[in-house]
Amino acid sequence: MKYYKTLENEKIKCLLCRHHCELKANQVGFCGINMNRNGELINLTYGYPSSINVDPIEKKPLFHFMPDTNVLSFGTVGCNFKCPFCQNWQIAHTNNVNTSMYVSPKELVNLALKYNCFSIAYTYNEPSIFYLYARDVGLEAKEKGFKNVFVTNGFESIEEIEDMKNWVDACNVDLKSFNPEYYKKVLKGNLEDVLDTIKRLKEAHIWQEITTLVVPGDNDSVYELTKIAEFIASVDTNIPWHITRFHPDFKVTDKNPTPIETILRAYEIGKKAGLKYVYLGNIAMPVITYCPNCNEELIVRTIYNVEKNILKIDEKGTGHCPKCNTIIEGVWK
């Protein structure tokens, strides 16, 4: 992939996300971490992760992708959105790169091997902006048999999505609102671009699940939640929708956590829209995958632990309900 386009007067256009920043010499983009240096796009965080952890894949959250396996998760600093409720604001809302320790793509893959991970997740901050680093890790990972996961705000450029087909296996996309003005004024993004990304990921056959953080007073109306659910269903009713409870953080400390009744109402809205798999997050209750045909309990999770999994997986890796043999969409091996 060509990460930038050369313009006149020593300027370049960044092609990593849909901001498409036009950068003068030595200027950094909106994300704070990609720079025009001598007419080339340089990622200032390449080799400098801010966080590395081993997580259960359910924490991403991905519930229909390699359940009950470990994933090596890492991120850098910076972001191309400015969400005021960001839960990783300490790294996402800074461009201060800690260069005290360089971690090469090969070293990250070796860590995944060491800790018996099945996949590598590009997460914590927005992976599309450290794509130069992520892609090199991902290609190394593919050679070793690992799968690759993006946890993203869905603002990837079209060029980047085309390239992701070659190495990204799954995404969890944040669909934060269905209000264009909210995306533009509060998040500093663009709703239509995010919706387009979700459609393109579907067309690219990259497994995706979608998360909506329900923030009181921002996106919790019946109208807006219905629009989100109906849009997801219009793309594919098999896409899991994770409805996550807000808690006060960063610049939004004046709101209470999302009422449980709001989260339960969102669940019913998702089911009414025809979504087969709707999940609640940040709530202390079991999270269950039901067969959409016979309602059999297939996978039961408590927090991020899989307590039960009776999904039947055939030789092609397709998941089936053991009771009625209905296909359960996902990546199961």
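The model is a predicted one, in which local features need pLDDT of at least 70 and side-chain atom pairs count only at pLDDT 80 or more, while totals for chains, interfaces and linings use all residues. Residues are numbered from 1 along each chain as its sequence is written, and side-chain values use heavy atoms, with hydrogens and water left out.

Next, colour strand S7 (residues 70-75) and strand S8 (residues 119-122), which pair in the parallel sense over four bridges; strands here are DSSP runs of E with at least two residues, numbered from the N terminus, and two of them pair if DSSP finds at least two bridges between them.

Why is strand S7 largely enclosed by the rest of the structure? Five of its six residues are buried, where buried means under 20% relative accessible area with a 1.4 Å probe, protein chains only.

Now turn to the cysteines. A search of the whole structure finds zero disulfides, a disulfide being a pair of cysteine sulfur atoms within 2.5 Å. Select Cys 17, whose closest cysteine sulfur, in Cys 21, lies 6.0 Å from its own and is therefore too far for a bond. Cys 291 is likewise in no disulfide, and the nearest cysteine sulfur, that of Cys 324, is 3.5 Å away. Finally, show the surface: Cys 17 is buried at a relative accessible area of 8%, and Cys 291 is buried at 2%.

Terms used: Buried means under 20% relative accessible area, exposed over 50%, partly exposed in between (1.4 Å probe, protein chains only).
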